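Here are a few exercises to work through with the model open in your viewer. Try each one before you read its solution.

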Amino acid sequence: MATEARLPCINFTGVDPSSPGAGRWWTRWPRSAASTRTTRALSPDLRAAFFDGAVKNLLALPADAKRCNTYGRDKPLFGYLGATPGVSSGYESLAISERVEPERVRAFANLMWPDADNAGFSEAVHGAARWMAELEEAVQRMVMEELGVCRCHGAMSESMRHVFRMSQYMPPISDDTEGRSKEVIRHGTHQDCSMLTVICQHGEVDGLEVQTSDGEWVRFRPSSPASLVVMAGNELRAWTNDRVRAPFHRVAVGGDVARYSAILFALPGLRIQAPDELVDDEHPPRFKPHCNDDFMRFCIAQGARHEDKLRDFRGV
Ligand SMILES: O=C(O)CCC(=O)C(=O)O
Ligand SMILES: [Fe+2]
C-alpha cells in the first residue's frame, strides 16, 4: 500500500531551457515550490488534443494495427507492448522511437491510419513529445551543473535518443456485487534503463508509485495539471558513479476509468563511463563502462524482476 507523500518538486516557471544563463540559471526557482512547470506548459487545450484526441484513439485501434508498431525483434522496448508474455494484462503502450521528429511522428501516424490525414494527431503528439524533451534536456543540464560536470552536457545531449511512449492502463474488473474493485498492478516494479525519464499523466487518474530509499512506496499525486515527473534511470546512476539513485517504481490502478500517460525515455548514445571528476579515492568506480544498447538487451533477457540489474550487468 503506497502512502501519499509528495515527491520533491521543482518549479520551472520562467526557466528557458534553451538558453541557460551563466551559473546556476535555475536555482532562482526553489526546489520546494509547489508545482513543476516548464516555460511553455502544455495548455489545457493542447493536453486535451493530445490525450483525448490522439492517445485514446491510438490505443483504441485494433490489436493488429497496434502490432505494426515495431522496430525489430531485438528492440522490443522501442515499439508496441501489450497482450504479450511478460507484459501485465490491462497494460498497452505504443512508442515512437530514436528521434521524435515531425516526419517520424507522421510516419508513425500513417502506419496506424494509412488512409487518414493524420495532421492533427501528428501535431498534438509532436508538440507533447517536444515539450517533454525540452524538460528532459533542462534537468539533465541541472544535474550536470550540480555535479560540476557541465562540460559533458553538449556531447551527451547530442548523443541522446528518445523513446516516446503512450500508455494505457485499464481499470480493474469489479470483483464484488457492488461493483467495487481492488487496485491492481498494471506495470510491475522496475527501474528504467534510461538516463532520465519524463512522465506526463492524463487528468486525475493516478497510479504511479515510487519506492523511496527506505523501501516505502509513495504515490505520485500531481500538484497541478501541468506537473510532470522526472525520474532518474539506471544510466544516470551509472554515469554519475552511483551518486543519483534510480528508484524502483510501478503503476497500480483502481477505480473504473482507464489511466493514460505519456513517457519520454532519454537513452544515451555515448559509452557510459563516469567522468573523471566523479571518480576518486572516496568514490571508486562502481560500474564498468558499457553501452546503453547492451544494457537494454541485458534487462530484456532478465525479464521484469525487482532486482538491481545494473549491478548484475556491470557492477564492480
Ligand atoms: O505510466 C507511468 O506513469 C509510468 C510508466 C513507466 O514507469 C514506464 O513505462 O517505464
Ligand atoms: Fe518506468
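**Exercise 1.** At what angle do the axes of helix 3 and helix 4 cross?

*Solution.* First, the ground rules: this is a predicted model, where local features need pLDDT of at least 70, side-chain atom pairs count only at pLDDT 80 or more, and totals for chains, interfaces and linings use all residues. Residues are numbered from 1 along each chain as its sequence is written, while chains are lettered from A and ligands numbered from 1 in the order in which they are written.

Step 1: find helix 3 at residues 102–112 and helix 4 at residues 119–147; helices (H or I, at least four residues) and strands (E, at least two) are DSSP runs, numbered from the N terminus.
Step 2: their axes cross at roughly 130° and come within 9 Å. Axes are lines fitted to C-alpha atoms, for helices over the stretch in contact, with angles from 0 to 180 degrees between N-to-C directions.
Step 3: helix 3 and helix 4 are therefore oblique to each other (under 35 degrees is roughly parallel, over 145 roughly antiparallel, 65 to 115 roughly perpendicular, the rest oblique).

**Exercise 2.** Work out which strands stand at the edges of the open sheet of four strands.

*Solution.* Step 1: read the order, 4-9-6-7, with antiparallel pairing (two strands pair if DSSP finds at least two bridges between them).
Step 2: strand 4 (184–190) and strand 7 (217–219) each have a single partner strand, so one side of each lacks a neighbour in the sheet.
Step 3: check the twist, which averages 25° from one strand to the next.
Step 4: zoom in on strand 6 (residues 208–211), which pairs with strand 7 over three bridges; Glu209 has Arg219 in strand 7 as its bridge partner.
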